[in-house]
Each structure stands twice: as C-alpha cells, then as structure tokens.
Amino acid sequence: MVFKSIASAVKQMLSEPFTMDFPESRESQPDNYRGIHKLDISTCISCAACAHICPNQCIDMVDTETQKGTKKMPEIHLERCLFCAFCEEVCPTDCLILTKDYDYEKYDRREFILRPEDQE
Ligand code: SF4
Ligand code: SF4
C-alpha cells in the first residue's frame, strides 16, 4: 500500500503539469476565436460605421488627439461587447479588428474600455 502511494506520487512528479504557467504560457486559440479589439488610429477615417452597426451600442465616437489634429475615434466598451465582429466586418479601411487576445481581466468592469489613445 505504501509502495503504491509512493509510486503514484513519483509518477505525478514526473508527469506533465495539468495547469499552465499563465501568462507566460498561453493556449492557442481556434481560427474563429474573437478576442479583444485592436484599432489602428492612423488609418481610421472616423466614418462611425462601426458605432452605427454595433447591436449593443458599445462604441462611442470620441475626440482623440492624432498627428493630423483632433479626430473622432471609436471608444469601445468591452463590458457590453458581444464579440459579434460586426464592427470589424463593416470597417471600410480594416483598421478595426478583433484579435485572439483574451487577456483583459479587470477588477472593475467599468475599466473595460478600449480608448483610442491607448491603442498603438
Ligand atoms: S464586436 Fe459586436 S458588440 Fe462588440 S463592439 Fe463590435 S459590433 Fe459591438
Ligand atoms: S468603421 Fe473603421 S474607419 Fe470607420 S470609425 Fe470605425 S474604426 Fe474608424
């Protein structure tokens, strides 16, 4: 009985861990996974098509300082987002995409806002 327990413990020690060392290691996502948005403010033309098509009114067009002056840019409220990707589909310049990034935990859901000035 004792030997069986020791053998089991040794076997567990030598086997691959069941858990992942997050965030250093991450699971790869399927091709159709829709994660957090990414906006390229240099190619956004402020057309507001993304804001108009959003079924859950997640997108506000807000004044944003850019190299070409102040422009209206989409600010996305992820706490209401359905990740339907309609905003990505309608964007005429492909500057708004849904990435495979799922790492957007917050302590306060009101912080789930993707502000244009925070985008690269
Ligand atoms: S993914 Fe859908 S719900 Fe989320 S911001 Fe875009 S259009 Fe709105
Ligand atoms: S649809 Fe695209 S180009 Fe138009 S405001 Fe939204 S992100 Fe910018």
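I start with one pair of residues: His-77 has Ile-113 as its bridge partner in strand 5. What we are looking at is a predicted model, so local features need pLDDT of at least 70 and side-chain atom pairs count only at pLDDT 80 or more, while totals for chains, interfaces and linings use all residues. Residues are numbered from 1 along each chain as its sequence is written, chains are lettered from A and ligands numbered from 1 in the order in which they are written, and side-chain values use heavy atoms, with hydrogens and water left out.

First, the sheet. His-77 belongs to strand 3; helices (H or I, at least four residues) and strands (E, at least two) are DSSP runs, numbered from the N terminus. This histidine is buried, with a relative accessible area of 10%. Buried means under 20%, exposed means over 50%, and partly exposed is in between, using a 1.4 Å probe and protein chains only. His-77 is 19 residues from Cys-58 in sequence, and their C-alpha atoms are 4.9 Å apart in space.

Three strands make up an open sheet, in the order 2-3-5, with antiparallel pairing. Strands 2 and 5 are at the edges with a single partner strand each, so one side of each has no neighbour in the sheet. Two strands count as paired if DSSP finds at least two bridges between them.

How many bridges join strand 2 to strand 3? There are eight, between residues 59–66 and residues 69–77, and the two strands run antiparallel.

Next, the cavities. Rolling a probe the size of a water molecule over the atoms shows where empty space is left. On a 1 Å grid over the protein atoms alone, a cavity is a set of points where a 1.4 Å probe fits but cannot get out, and lining residues have an atom within 4 Å of a point. Grid points are joined across faces, edges and corners, and the volume is the space filled by probe spheres set on the points. The count is two cavities of 30 Å³ or more.

The largest cavity has a volume of about 100 Å³. Its lining has 16 residues, with His-37, Cys-54, Cys-81, Cys-84 and Cys-87 nearest the centre. By class, that lining is 13 nonpolar, two polar and one charged. Here Ala, Val, Leu, Ile, Met, Phe, Trp, Tyr, Cys and Pro count as nonpolar, Asp, Glu, Lys and Arg as charged, and the others, Gly among them, as polar.

Which ligand sits in the largest cavity? Ligand 1 does, where sitting in a cavity needs more than half of the molecule's atoms within 2 Å of its grid points. The residues around ligand 1 include His-37, Pro-55, Cys-58, Phe-83 and Phe-86; to be around it, a residue needs a heavy atom within 4 Å. That shell divides into 11 nonpolar, one polar and no charged residues.

The second largest cavity has a volume of about 80 Å³. It is lined by 16 residues, and those closest to its centre are Cys-44, Cys-47, Cys-50, Cys-91 and Cys-95. The lining has 14 nonpolar, two polar and no charged residues. Ligand 2 takes up this space. Around ligand 2 there are 15 residues, and Cys-44, Cys-47, Ala-48, Cys-50 and Cys-91 come nearest. Its shell counts 13 nonpolar, two polar and no charged.

Last, a few backbone details. Ser-46, in the loop between strand 1 and helix 2, has a positive phi near 60° without being a glycine. Ser-46 is partly exposed, at 24% relative accessible area. Gln-57, also not a glycine, has a positive phi of about 50°. Gln-57 is in the loop between helix 2 and strand 2 and is exposed, at 55%. The peptide bond joining Phe-22 and Pro-23 is cis, with omega about 10°, and Pro-23 is in the loop between helix 1 and strand 1.

Helix 1, residues 2–14, contains Ala-7, which is partly exposed at 45%. Ala-7 and Ala-48 are 41 residues apart in sequence and 64 Å apart in space, C-alpha to C-alpha.

Technical notes:
1 Å grid on protein atoms, 1.4 Å probe; cavity = no way out; pocket = protein on both sides within 12 Å on 5 of 7 lines; lining within 4 Å.
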